[in-house]
Amino acid sequence: MNKTDLSDVYRDYIACLNKQSWSKLGQFVDDEVIHNGRRFGLSGYLKMLERDFDQIPDLYFNVQMLISDPPYIASRIGFDCTPTGNFLGLHVNGRRVSFAENVIYEFRDEKIVQVWSVIDKAAIEAQL
């Protein structure tokens with residue numbers, strides 16, 4: 001797969017997340033996906049995303065930077081949202097916060113097989 005094709009698949013995946021089109025998630029995420037070293041599987045990955053949207057009703061994935069080096073995608077995703085209650089162990093309680101996630105995805109057969117993700121928690125703490 002070339003860089004452009006992989007970037008297009010990734011952008012379609014992000015669109016799927018933003019629309020919460022959970023029935024299509026399996027088109028982008030492998031059944032045995034690993035997230036930060038833990039085997040989530042597709043069902044665990046879906047539960048993680050559903051929990052994220054429950055905690056952050058206005059969650060929107062805004063791709064700020066995208067680097068494609070097949071089979072990998074590196075992305076910086078920006079968020080400007082209002083988490084309810086606790087988020088990442090912080091008492092956000094509905095306050096608007098902006099932060100970024102730096103994430104690397106490994107693809108196989110146009111599906112995500114592994115994810116390495118780091119959220120800029122310090123940026124959130126500085127806003128509280």
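Predicted model: local features only at pLDDT ≥ 70, side-chain atom pairs only at ≥ 80, totals over all residues.
Reader: Hi! Which residue stands opposite Arg38 in strand 2?

Author: That's His35. Residues are numbered from 1 along each chain as its sequence is written, and side-chain values use heavy atoms, with hydrogens and water left out.

Reader: Ok, and how do strand 1 and strand 2 pair, parallel or antiparallel?

Author: Antiparallel, over 2 bridges. Two strands count as paired if DSSP finds at least two bridges between them. Strands themselves are DSSP runs of E with at least two residues, helices are runs of H or I with at least four, and both are numbered from the N terminus.

Reader: What sits between strand 1 and strand 2?

Author: They form a hairpin with 2 residues between them. Asn36 lies in that loop, between strand 1 (29–35) and strand 2 (38–39). Its phi is near 50°, a positive value in a residue other than glycine.

Reader: Is Asn36 buried, partly exposed or exposed?

Author: Asn36 counts as partly exposed, at 40% relative accessibility. Buried means under 20% relative accessible area, exposed means over 50%, and partly exposed is in between (1.4 Å probe, protein chains only).

Reader: Where else is there a positive phi near 50°?

Author: At Asn93, which is found in the loop between strand 6 (90–91) and strand 7.

Reader: Back to strand 1. What does Ile34 stand opposite?

Author: Gln114 in strand 8. Strand 1 and strand 8 run parallel and are joined by 3 bridges.

Reader: Switching topic: how many helices and strands are there in the protein?

Author: 3 helices and 8 strands. Along the sequence the pattern reads α-β-β-α-β-β-β-β-β-β-α. The radius of gyration is 15 Å, close to the 14 Å that the globule rule gives for 128 residues, so the protein is as compact as a globular protein of that length. That radius is taken over C-alpha atoms, and the rule is 2.2 Å times the number of residues to the power 0.38.

Reader: What does the C-alpha trace span?

Author: About 45 × 25 × 25 Å along the principal axes of the protein. Buried residues make up 41% of the 128.

Reader: Which residues in helix 2 are buried?

Author: Gly41, Gly44, Tyr45, Met48, Leu49 and Phe53. Helix 2 covers residues 41–55 and reaches 21 Å from its first C-alpha to its last, close to the 21 Å expected. The expected span is 1.5 Å times one less than the number of residues.

Reader: How much space lies in the largest pocket?

Author: About 410 Å³. Of the 25 residues lining that pocket, the closest to its centre are His35, Met48, Asp52, Glu101 and Ile119. On a 1 Å grid over the protein atoms alone, a pocket is an open set of points where a 1.4 Å probe fits, with protein on both sides within 12 Å along at least five of seven lines, and lining residues have an atom within 4 Å of a point. The volume is the space filled by probe spheres set on the points, which are joined across faces, edges and corners.

Reader: Which element gives the most to the lining?

Author: Helix 2, with 6 residues. The lining divides into 17 nonpolar, 4 polar and 4 charged residues. Ala, Val, Leu, Ile, Met, Phe, Trp, Tyr, Cys and Pro count as nonpolar, Asp, Glu, Lys and Arg as charged, and the others, Gly among them, as polar.
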